[in-house]
Each structure stands twice: as structure tokens, then as C-alpha cells.
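Please keep the sequence and the model in view while reading.

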Amino acid sequence: MIRSFFASSLVLLCFSIFESAVLSNVTFLPSLPDLSLLCVLYFSINNGKIMGETTGFVSGLFLDFLSACPLGLNCLLRTILGYLTGILKQTLNTEVFFIPMILAFAGTVAKVGVTLFISVLFPAIVYSYHVVSFEFFFELAMNIILAPLVFKFLGIFKNSLVVKTRVIY
């Protein structure tokens, strides 16, 4: 479990740096696809609640340090999403093409919902999404389109990223 946690953290660091250093400088994108969210969804659906919330926290920590958002906001969002997705551990076959797309849709909508709720509590600090906006629909579409690709890419390293379950007879 420790090995897969560190491997997952390394993957999350690489995706977070790619998002903040490369994708944020692409000027024609109205909003960025959330690749680290897709990674958290992959880790939590394959490893369960505990790994989902810890990788969600680590992912949020990386994004909080690399972005200008309030410290702890991404940690809270991704910890909640990792835990909720981890409840579905090994009940969904992520090899099917549409399951990652459905997870990306639900994860992005849940992220926006939790962000809206937090922005009601802290309106001066947290930037909220406009749910009916081109930026939101672009991010949602990009997450849905990229989810099968990210899941396939992470599936290549499944031996290092997924905790092996032991069956005791």
C-alpha cells in the first residue's frame, strides 16, 4: 500500500505540474481540463476509500501550492471526491469505455457543487463557478473526453498504482 501511495503521489505531482505549467499557458482554452481529478477518481475507484481520500488530499495539496486558490480548498474538494468515489471500489469495471466518462461527469459536477456550497459560506474568498457558462461546459466536456485516455494511461502502470488485495482462505 505504501508503494502504490508513493507511486500515485508521483503521478499526481506530474499531472499537477503539467496542468499548472503547461495547460494554464495555452491561451485558447477557456478553462482547463482537470487531469488530477481524473487521476484521483482512478485511484479511488481501484483502491477504495482510504486511498481515494489520501490521494485526493495529496492532489489538492499539490494544486493548492501550484495555484493561487486559498490553501486547503482543493484539499477539501478532492478528499471528499476521493472518499465518495472510493465507496464504489471494484464495483465498476473501468475497462469499459463509458465508465470513466460517467465517473468524470459525476466527479466534475460534484466538484462544482461542493465549490458552490463553499463559495456560499465564504463568498469573498472562494471563486465560484457559473453553472450555466461556457467555461463549465468546456471543462466538463474535456474531462469526459479525456477520462478514458487517462484511465488507459494509468492502467499501463496498474501494478504500481493499484493495491493488490490478498485473499485469505
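## Phe-43 and its contacts

Leaving aside neighbours within four places in sequence, Phe-43 is in contact (heavy atoms within 4.5 Å) with Ser-8, Val-11, Leu-12, Gly-48, Thr-55, Leu-154 and Leu-161.

The model is predicted: local features need pLDDT of at least 70 and side-chain atom pairs count only at pLDDT 80 or more, while totals for chains, interfaces and linings use all residues. Residues are numbered from 1 along each chain as its sequence is written, and side-chain values use heavy atoms, with hydrogens and water left out.

## Nonpolar cores

The largest nonpolar core has 24 residues, and Phe-43 is one of those with the most contacts inside it, together with Val-11, Leu-35, Leu-38, Cys-39 and Leu-154. At least two residues of this core come from each of helix 1, helix 2, helix 5 (98–121) and helix 6 (134–156). Helix 2 gives the most, with nine residues. Apart from this core lies another, of five residues, including Leu-73, Leu-77, Val-114 and Ile-118.

A nonpolar core is a set of buried Ala, Val, Leu, Ile, Met, Phe, Trp, Tyr and Cys residues joined through side-chain atoms within 4.5 Å. Helices are DSSP runs (H or I, at least four residues), numbered from the N terminus.

## Packing of helix 1 and helix 2

Helix 1 (residues 2–22) packs with helix 2 (residues 35–47) at an angle of about 160°, and their axes are 8 Å apart. Helix 1 is therefore roughly antiparallel to helix 2, a term for angles over 145 degrees.

In this pair, Ser-8, Val-11, Leu-12, Phe-15, Ser-16, Phe-18 and Glu-19 of helix 1 meet Leu-35, Ser-36, Cys-39, Val-40 and Phe-43 of helix 2. By class, this contact has eight nonpolar, three polar and one charged residues.

Lys-111 is located in helix 5. Lys-111 counts as buried because its relative accessibility is 6%; buried means under 20% relative accessible area and exposed over 50%, with partly exposed in between (1.4 Å probe, protein chains only). Not counting residues up to four places away in sequence, Lys-111 touches Asp-34, Leu-37, Leu-77, Leu-81, Tyr-129 and Glu-139.

Ile-125 is placed in the loop between helix 5 and helix 6. With 54% relative accessibility, Ile-125 counts as exposed. Ile-125 and Pro-70 are 55 residues apart in sequence, and 7.2 Å apart in space from C-alpha to C-alpha.

Methods:
Axes fitted to C-alpha atoms, helices over the stretch in contact; angles between N-to-C directions. Parallel < 35°, antiparallel > 145°, perpendicular 65-115°, else oblique. Nonpolar A, V, L, I, M, F, W, Y, C, P; charged D, E, K, R; others polar.
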